Amino acid sequence: MCSVPKANALNSFTPCPGLYCGRDLSPDGNWSDCGACPRGFRANASSICVPCDDEPMLYDWLYLGFMALLALVLHWFCIDMVAMRRNIPKEVIALHLSALFEVVAASLITLQLTDPIGTFEIRSCRTTKLSDWYTLLHNPSPNYEETLHCTQEAVYPLYTMVFVFYALGTAIMLLIRPMIAKTCLPMQGKFSIYAALYFYPILALLHAVGSGLIYYSFPYITITLSVLSNAAHFSFKLNQSMKALLLSCVSDMKNAIVILGHWLFYGYGLMAAATLRGLGIHPAMLTLVPLPALFYILTARFTDPQKLHIQ
């Protein structure tokens, strides 16, 4: 633990340059030169490396939930694409449940491995600005001479947790999915595994490069993708009449499940956006959840290409 220095100790050195350079207290009682703080520590306003003792905000938990849900949705999408079934047979349901178990297990194990180890709590550093995610871009060069390398995880542990989750998700999938795929869908099931082996590295690369951008924009990404996927789902219906679209929402089990999933993700995005803006989550927001689906159903007849006449 980094103890609070005495007043004369604070006066013995000047603050470190840059946003993230700090000094660490060594066991012999001396302060180190300016540099990167140890993992789990962050430089304060006095350039002292202090431990990360904050609790994650609700928005931080929503961000971590988004990263897990993104992997789960991609799993389910790939399973549906390779199965090519109009309904949902028990074989496909088994693969869906396997993907759900893999993501949940990877999430729980990741929480157990994060400090404090063995609990579902997280000890974190509070995210204050976008640059916290990109400390590599803020290594100072005093007097334009030697560069001080102060790259560190200023958003500890939100950055590394996602990588651990992806690694565990891949390992658990390779342990469980092949047996279930061989039993349920010997031919198509293996392709869902191949697809995951592609999109997991892609997700890791996107997180490595754009984690900060994703952190501040995932509510709007969720809302946009939910609206677009909702419109794409309805557009594949052959009968675009209002009555047929409404009936398909309740008569077709697979269609009803897909629409319910769109509503859940749309509501998740709304809740995250409200949290980001510091707004209270009012129950009235739930009335906006079915709005994209209702809007498509009510306006589909105005977009029929056969009713467009070129003069």
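Visitor: Which residues does Tyr166 touch, not counting residues up to four places away in sequence?

Guide: Tyr166 touches Met67, Tyr200, Leu203, Ala204 and His207, where contact means heavy atoms within 4.5 Å. This is a predicted model, in which local features need pLDDT of at least 70, side-chain atom pairs count only at pLDDT 80 or more, and totals for chains, interfaces and linings use all residues. Residues are numbered from 1 along each chain as its sequence is written, and side-chain values use heavy atoms, with hydrogens and water left out.

Visitor: Which residues touch the most other members of the largest nonpolar core?

Guide: They are Tyr63, Leu64, Met67, Trp133, Phe165, Tyr166 and Phe218, in a core of 44 residues. A nonpolar core is a set of buried Ala, Val, Leu, Ile, Met, Phe, Trp, Tyr and Cys residues joined through side-chain atoms within 4.5 Å. Buried means under 20% relative accessible area, exposed means over 50%, and partly exposed lies in between (1.4 Å probe, protein chains only).

Visitor: Which elements give two or more residues to this core?

Guide: They are helix H2 (58-83), H3, H4, helix H5 (189-235) and helix H7 (253-276). The largest share, twelve residues, comes from H2. Helices (H or I, at least four residues) and strands (E, at least two) are DSSP runs, numbered from the N terminus. Another core, of eight residues, lies apart from this one, and its members include Leu245, Ile259, Ile297 and Ala300.

Visitor: Changing topic, how many disulfides are there?

Guide: The count comes to four disulfides, a disulfide being a pair of cysteine sulfur atoms within 2.5 Å. Such a link is a covalent bond between the sulfur atoms of two cysteines.

Visitor: Where do Cys21 and Cys150 lie?

Guide: Cys21 and Cys150 form a disulfide, with their sulfur atoms 1.8 Å apart. Cys21 lies in the loop between H1 and E1, and Cys150 lies in the loop between H3 and H4, so the pair ties together parts that are 129 residues apart in sequence. Cys21 is buried at 2% relative accessibility, and Cys150 is buried at 1%.

Visitor: Is the disulfide of Cys16 and Cys34 left-handed or right-handed?

Guide: The torsion about its S-S bond is about -85°, so this disulfide is left-handed. By contrast, the link of Cys21 and Cys150 is right-handed, with 95° about the S-S bond.

Visitor: What about Cys78, and how far away is the nearest cysteine sulfur?

Guide: Cys78 is in no disulfide, and the nearest cysteine sulfur, that of Cys184, is 17 Å away. That distance is too far for a bond. Cys78 is buried, at 13% relative accessibility.

Visitor: How many salt bridges does the structure hold?

Guide: The structure holds six salt bridges. A salt bridge is a side-chain nitrogen of Lys or Arg within 4 Å of a carboxyl oxygen of Asp or Glu. One of them joins Glu102 and Arg177, whose closest N and O atoms are 2.9 Å apart. Glu102 lies in helix H3 (residues 90-113) and Arg177 in helix H4 (residues 158-184), so this pair ties together parts that are 75 residues apart in sequence.

Visitor: Are Glu102 and Arg177 buried or exposed?

Guide: Both Glu102 and Arg177 are buried. In another salt bridge, Asp115 meets Arg123 at 2.4 Å, N to O. Here Asp115 is partly exposed at 26% relative accessibility, and Arg123 is partly exposed at 21%.
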